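Please look over the sequence and the model shown below before reading on. The report that follows moves from individual pairs of residues to the chain as a whole.

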Amino acid sequence: MAGSRLPRQLFLQGVAAVFLFAFASLYTQIPGLYGPEGILPARRTLRPQGKGPWQQLWETPTLLWEAPRLGLDTAQGLELLTLLGTLLALGALLLRRLRHLLVYLLLWAAYLSACQVGQVFLYFQWDSLLLETGFLAVLVAPLRQPSRHKQPPQAGPAGAPPHDGLPFWLARWLLFRLMFASGVVKLTSRCPTWWGLTALTYHYETQCLPTPAAWFAHHLPVWLHRLSVVATFLIEIAVPPLFFAPARRLRLAAFYSQVLLQVLIIITGNYNFFNLLTLVLTTSLLDDRHLAAEAGNGRHKKTPASWPKALLALSALLLELAVYGLLAYGTAHYFGLEVDWEQLTLHSRTTFTFHQFSQWLKMVTLPTMWLGGASLTWELLVALWRWTQVPGSLRKLWTAVQLSIVGTATVAMFLISLVPYSYMEPSTHGRLWTGAHRLFGAVEHLQLANSYGLFRRMTGVGGRPEVVLEGSYDRHHWTEIEFMYKPGNVSRPPPLVAPHQPRLDWQMWFAALGPHTHSPWFTSLVLCLLQGHEAVIRLIQNDVSRYPFHKQPPTYVRAQRYKYWFSQPGEPGQWWRRQWVEEFFPPVSLGDPTLDTLLKQFGFQVKSPRRARSSGNALAQALHWVRKQLSPLEAPTLLLGLILTVGAIRVLQALLGPRPSREEKPRPAPKKDPGAAKDQAAPAPNSSNSGSQTARRKK
């Protein structure tokens, strides 16, 4: 029981940072994606059905219903939401007093509002993960930030209310669901590359937006790729149950294993804010004692431990050794690890069958739910015990009300999350308590809990499919239309764009996996290029002069499907090599019967007229001015500027802020009432200086 005050602050700052990146990244793409001349105009999604305003808001929960009252269309309302969300997230990241329940509620509501009109470009798992994590931040954030000089006189470590750390447990449960399900679906998908341990021999070159480091990782030895797949299964399937281990060192080992995996993914792939958000969730595995020791603030003289504590420490050590030994034996046994001493390699193979894994999954899915329930029960009991230590009848009554509300919300969120978690094992899903199903169904549209499963199948085994757009004026001479981020020119190195997500580039990757009819938005993209809409062109090339048809739109547009591979070491000036496969989209022009048929089929031909807005609307003019100032900047540059700004302000805060630790260092423990000081320090013997200061203030 080392406390979770510092991890909670890290969590809230991390959520604010991710919201900052998500809103800023989306803002730069709104005109091309959702504007009146965009690929999927947002106004098509919000059409009043003649229902009451509250019923309409509940069924389609978005604040954009109020945009007309401000004199804005839906796309302009979305711009306003993302701008306000960016500023609010920046404030919460920099100012402790803005890490407030209402601030995170507004951030969550704004992103949920955007997702309601985002259509296919906001249907990614990390968008759902951000919504779920953002709502957990609402529960974790305090309703009132205590003063640095006056902590609330309540029981618990560092003067915290009894219920303070209870909702934070939900972040750990979410991290468990995310990682465990992501590991399980790789095997339940029956993907031969995951079962054959060869997935990473294809992954680095076939992922959506690789980084330059992916080229080097792709050319690592095959045996190391296979071993990396084994390590992935170990980290995603075997390690997550340790999130709830009673020994804190096991939880810390699980923490560092998850951090290692996410950092390696960040190095080799541009996965926008997803890996950063996962790292934010891993803070739920930390405690105040560990963070204080990391900062060098937890150095205390060691005192001889009593024999019960020594016995407990020995038991924890034996448990850790048993767990590590079991993990090592299970990995070596189930993946047939063998060392080849002659070639200094490590061979691996899968020694279990799909049927055996399915039976194992059926056997463990329900127990993992019980494991989560047992861990939550322990957290509730700890909170209840802390409540019994609250002095005063009125204060105890007030904290009991708070604990009841927070505890009920935590249990309800846990029950809701069981339904999407059970999707990975159908028989367990059918045996769930019907009350959990009803509760989940009532709030499903709010995306409070979601199912996850990343990298389910490995694509591009025979070569990375890539769609290349081409334009022409005479239908004989074709010019390629190169995107800023996705692979095109074989001589251009892969870019570094995270935490920005170029959503059109991502959807182009998905479109290449099937026929163009599976991606209706692609037909709208072709129409926008034929019409020369600048907002859409800026999604392809932010510097319009680099777009080959910036002076006059092409008369004809077509698309070809290629297969791309990373170049081999030694090939000068090339990062990729490619081979033409087939025609992806036929040559069309404005008025072409083929194009008109597709537009009518997908509902793009008949577009609702744009609502007239007053040109004198001050808010609309302000939005236009902000857009004009920021449009010359590429999105990665804008986000880098935000990161540097935050870093500079942080440095200034550190240099100009108060330094109480130096002043209070000569006062480690007042002489009067030493017994009380000892009792209050017991729950967190290695806590931070701020914790010890709180204990002194309470005396």
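With which residue does Arg 177 form a salt bridge, and how far apart are the closest N and O atoms? In this predicted model, the partner of Arg 177 is Glu 132, and the closest N and O atoms of the two are 2.1 Å apart.

**Salt bridges**

Side chains of opposite charge can pair when their charged atoms come close. The structure holds 16 salt bridges, and the table lists some of them.

| Salt bridge | Closest N and O atoms |
|---|---|
| Arg 177 and Glu 132 | 2.1 Å |
| Glu 236 and Lys 186 | 3.0 Å |

Glu 236 and Lys 186 form a salt bridge with their closest N and O atoms 3.0 Å apart. Glu 236 lies in helix 11 (residues 222-238) while Lys 186 lies in helix 7, so this pair ties together parts that are 50 residues apart in sequence. Glu 236 counts as buried because its relative accessibility is 7%, and Lys 186 counts as buried because its relative accessibility is 1%, where the cut-off for being buried is under 20%.

Through salt bridges that share partners, Arg 464, Glu 466 and Lys 486 are joined into one network.

**Helix 12 and helix 15**

Two packed helices are described by the angle between their axes and the distance between the axes. The axes of helix 12 (residues 248-268) and helix 15 come within 9 Å of each other and cross at roughly 35°. On the side of helix 12 the contact is made by Arg 249, Leu 250 and Ala 253, and on the side of helix 15 by Leu 317, Leu 319, Glu 320, Val 323 and Tyr 324. Sorted by class, this contact has 6 nonpolar residues, 2 charged residues and no polar residues.

Apart from its neighbours within four places in sequence, Thr 268 is in contact with several residues, including Tyr 204, Gln 207 and Pro 210.

Leu 318, by contrast, has its place in helix 15 (residues 307-334) and counts as exposed because its relative accessibility is 51%. Leu 318 also belongs to a nonpolar patch on the surface, which is formed together with Trp 307, Leu 311, Leu 314, Leu 317 and Leu 321 and has about 660 Å² of accessible area in total.

**A residue in strand 6**

Gln 579 is found in strand 6 (residues 576-588), and it counts as partly exposed because its relative accessibility is 49%. The C-alpha atoms of Gln 579 and Pro 465 are separated by 9.7 Å, although the two residues are 114 residues apart along the chain. Leaving aside neighbours within four places in sequence, Gln 579 is in contact with Tyr 562, Lys 563 and Trp 565.

**The chain as a whole**

The protein chain has 28 helices and 6 strands, and buried residues make up 52% of its 699 residues. Among contacts between residues at least 6 apart in sequence, 78% join residues at least 24 apart. The chain exposes about 33,200 Å², of which carbon and sulfur atoms supply 63%.

Definitions and conventions
Residues are numbered from 1 along each chain as its sequence is written. This is a predicted model: local features need pLDDT of at least 70, side-chain atom pairs count only at pLDDT 80 or more; totals for chains, interfaces and linings use all residues. Side-chain values use heavy atoms; hydrogens and water are left out. Patches are made of residues with over 30% relative accessible area and no salt bridge: like charges are joined within 9 Å, nonpolar side chains (Val, Leu, Ile, Met, Phe, Trp, Tyr) within 5 Å. Accessible areas come from the Shrake-Rupley method with a 1.4 Å probe; for residues, only the protein chains shown count as cover. A salt bridge is a side-chain nitrogen of Lys or Arg within 4 Å of a carboxyl oxygen of Asp or Glu. Helices (H or I, at least four residues) and strands (E, at least two) are DSSP runs, numbered from the N terminus. Buried means under 20% relative accessible area, exposed over 50%, partly exposed in between (1.4 Å probe, protein chains only). Axes are lines fitted to C-alpha atoms, for helices over the stretch in contact, and angles run from 0 to 180 degrees between N-to-C directions. Contact means heavy atoms within 4.5 Å. Ala, Val, Leu, Ile, Met, Phe, Trp, Tyr, Cys and Pro count as nonpolar, Asp, Glu, Lys and Arg as charged, and the others, Gly among them, as polar.
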